[in-house]
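Please look over the sequence and the structure shown here. A briefing follows them.

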Amino acid sequence: MSLTNAQYDAIQRDYDRIRLKNAALRAQRLEEVCQNLPAYQEWRAQRGREALDLVKARLLDTAAAPARRALDIDGRQILQEGGYASDYLDPIYDCPLCQDSGITPEGKCSCFLERERRLLYAQTPHYARMSPLALNEDSLDASLYQGEDALRFQKALDSARALVERASSGASGPGLLLMGKVGCGKTHLALCAGGECLRRGLSVLYFGSTSLFDAWAMYTFSGGDKDGLYNFQKEIYNVDLVILDDLGTELLNEFVATSLFSLINERLLAQKPCIITTNLSLETIQHRYSDRVISRILGHYELRRLSGADLRLTVGKRGESCPTVRKSAT
C-alpha cells in the first residue's frame, strides 16, 4: 500500500505548518531576548554592520579588511551571561533528524514514515480497535481464563511479549501461531501485540485471511498494474509486523496457497515476525496446506493454543463490551 498524491500533499502541508510554527516561535524568542538584553541587540546590529562591511570589502577587493569585533564574539556567550540557555535562539525543529523536511540523506525520515503509516492505517480494518491496545493489564484480563485455560493464555501472552521485544530490537526469532476455537481471545491477543508495536513506533498491518488474498489477487490480476503489486508485496514482506487473522477462512486454491507460502517465506527471509490466528487444529492445517507451508510454520513459529469458554459470551454476562479489564495473570 502506498500513498496517494493527495495523502502525500497532506503530509507536506503538515511539514509546512510545523516549519511556520517553529519560525514564529523563534522570532518570538528573538524579540524577547532583544527586549531583555540590550547587549544582545547591540551585538546583532554591530554584527550586521560588520558583515555588510566585509561583503563590500570583498566586492571592492579592498586590501585592508574591516574590523570584525562583533563577528568574533559568540552570541551564545551573551545569552548565557543574560540568563538564557546558549541554544535559546537556535533553529527549532520538531524532528532534528530531517529538520522538519521529512527527508534525510538516507531517504524518508522516520517522522515521515510515521505520518505515512498513520494515513495508511486509518484505512486499515481494526486499526481503531488496535491502536489503543497493548500487552498489559489495561487491555487483557487473565481472570477470564481458569485452570488449564489460564496457563495456556499466559504462555501465549509470554510468547506475544517476546515477539514484540524481538521486533523492537530487530532481533530474529519465531513467529506466533495462535490456535483455538471461536471466541477464545486469539484475535484480541494478536491486536494487543499489534497495539504494543504501534506504541513503540513500529509498523503493523492487519489482514483477515480472506481480505488479504482478495487484495493480493486484485493487484495480481488487475491488468498490468505492476507498480501496485510491487508496492503491495514490498509492504507486506517488510512491514515490522503482519497479523494474519482467521487463517482457514479463505477459499483455498493454487494462487492462495502460493501467496501464503510467499508471505511466510519472504518474511522469514527478511527476519520480520508474523502473528497468525486460526480456528483450525494442527492436524487440519497439515492436511489443508502444502508441505512447504507446514515445514516453515512448524520450524519457525511458536504454536500456542488458547482454550476456554467463548469470551464474547462471558464478557457479555459481565456487561462489558470487550475483554479489556484491569487485572492480569501472575
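This is a predicted model: local features need pLDDT of at least 70, side-chain atom pairs count only at pLDDT 80 or more; totals for chains, interfaces and linings use all residues.

Residues are numbered from 1 along each chain as its sequence is written, and side-chain values use heavy atoms, with hydrogens and water left out. Helices (H or I, at least four residues) and strands (E, at least two) are DSSP runs, numbered from the N terminus.

**Confidence**

- The protein chain has an average pLDDT (the predictor's confidence in each residue, from 0 to 100) of 86, and 87% of the residues score at least 70.
- Over residues 321–330 pLDDT stays under 50, and the model has 29 contacts (heavy atoms within 4.5 Å) beyond four places in sequence for them.

**Helix α10**

- Helix α10 covers residues 254–269, and its 16 residues should span 22 Å at 1.5 Å a residue, which agrees with the 22 Å between its end C-alpha atoms. The expected span is 1.5 Å times one less than the number of residues.
- Asn253 caps the N-terminal end of α10, with a side-chain oxygen 3.1 Å from the backbone nitrogen of Phe255.
- Buried residues of α10 (under 20% relative accessible area, with exposed over 50% and partly exposed in between, for a 1.4 Å probe and protein chains only) include Val256, Leu260, Phe261, Leu263 and Ile264. Ser259, Asn265 and Arg267 are also buried.
- The helices that the buried residues of α10 pack against are α8 (209–220), α9 (226–238) and α12 (291–300). The strands that they pack against are β5 (241–247), β6 (274–278) and β7 (301–305).

**Strand β3**

- β3 runs parallel to β7 and is joined to it by 5 bridges; strands pair if DSSP finds at least two bridges between them. Leu177 stands opposite Leu303 in β7.
- β3 also pairs with β6 in the parallel sense, over 4 bridges. Here Met179 stands opposite Thr278.

**Gly170**

- Gly170 lies in the loop between α6 (148–169) and β3.
- Gly170 counts as exposed because its relative accessibility is 55%.
- Gly170 and Pro273 are 103 residues apart in sequence, and their C-alpha atoms are 10.0 Å apart in space.

How values were computed: A polar contact is a pair of N or O atoms within 3.5 Å; within protein, one must be able to donate a hydrogen and the other to accept it, and residues adjacent in sequence count only if both atoms are side-chain atoms.
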